[in-house]
Amino acid sequence: MKRFWIAGFAAGAAMMIGAALGAVSSPAPSSPKALAAMDGGVMNPMIGGQAMLPGRTLMDNISASPDHAVLVAAMKDSGVADALKANGEFTVFAPTDAALGAVSAQALTHDKSQLAKLMGYLVVPGRYDSQALLKAIGEGAGQAKLRTVEGGVLLARMNGPTNIILVDESGNTADIAIYDIYDKNGVMHVVDRMLEPGVTTRQMAAR
């Protein structure tokens with residue numbers, strides 16, 4: 001079952017997003033203070049003092065972050081890591097180790113099917129940086145629905161004039177702590193809370 005899920009993820013993820021989500025003329029969120037060295041004309045934020053290089057894959061940059069060791073292990077165990085090393089375009093909402101502390105040990109270590117769902121819910125096909133999210137929110141009258149690889153929906157909304165928050169299917173909210181870490185196969189945003197699939201938002205999206 002795990003092999004089947006991984007194969008489906010790698011082969012079909014780029015086709016799973018329904019509508020294109022792009023950017024509005026709203027101001028971008030404030031840029032992080034710590035910046036990495038320029039690489040290919042892109043200047044990425046640093047995470048925990050470590051440079052995030054645009055020439056790396058998503059998985060390579062997540063692995064280099066000192067704040068994402070638990071996420072890296074979960075991505076590898078679930079098989080999602082393989083897809084995040086491959087060609088394609090993905091957006092990853094990456095919870096820190098502190099955020100993942102709220103997730104049960106069973107979900108992260110024993111139940112591989114549940115782990116695959118949790119990790120797939122953090123990945124959206126396509127490259128959605130802060131400007132793309134802002135545009136999607138503007139075009140959605142204040143709310144953007146992001147279809148995840150897992151098959152669920154994340155909601156992106158504004159919290160103030162420049163801050164974007166994410167709402168999962170259980171109604172939990174997460175702030176984007178670090179925006180726009182560009183990678184050669186997508187973009188990553190660091191979030192301060194684990195986002196988990198549920199039923200409430202999925203039912204709303206189907207209406």
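By the rule used here (a side-chain nitrogen of Lys or Arg within 4 Å of a carboxyl oxygen of Asp or Glu), the count comes to 3 salt bridges. This is a predicted model, where local features need pLDDT of at least 70, side-chain atom pairs count only at pLDDT 80 or more, and totals for chains, interfaces and linings use all residues. Residues are numbered from 1 along each chain as its sequence is written, and side-chain values use heavy atoms, with hydrogens and water left out.

Visitor: How many residues apart in sequence are the parts that Lys 112 and Asp 77 tie together?
Guide: Their side chains meet in a salt bridge at 3.9 Å, N to O. Lys 112 lies in helix α7 and Asp 77 in helix α3, so the parts they tie together are apart in sequence by 35 residues. Helices here are DSSP runs (H or I, at least four residues), as are strands (E, at least two), numbered from the N terminus.

Visitor: What separates Glu 139 and Lys 135 in helix α8?
Guide: The closest N and O atoms of this salt bridge are 3.0 Å apart. Both residues sit in helix α8, 4 residues apart, so what separates them is about one helical turn.

Visitor: Is Asp 180 buried or exposed?
Guide: Asp 180 is found in strand β6, and its phi is positive, near 55 degrees, though it is a residue other than glycine. Buried means under 20% relative accessible area, exposed over 50%, and partly exposed in between (1.4 Å probe, protein chains only). Asp 180 has 15% relative accessibility, so it counts as buried.
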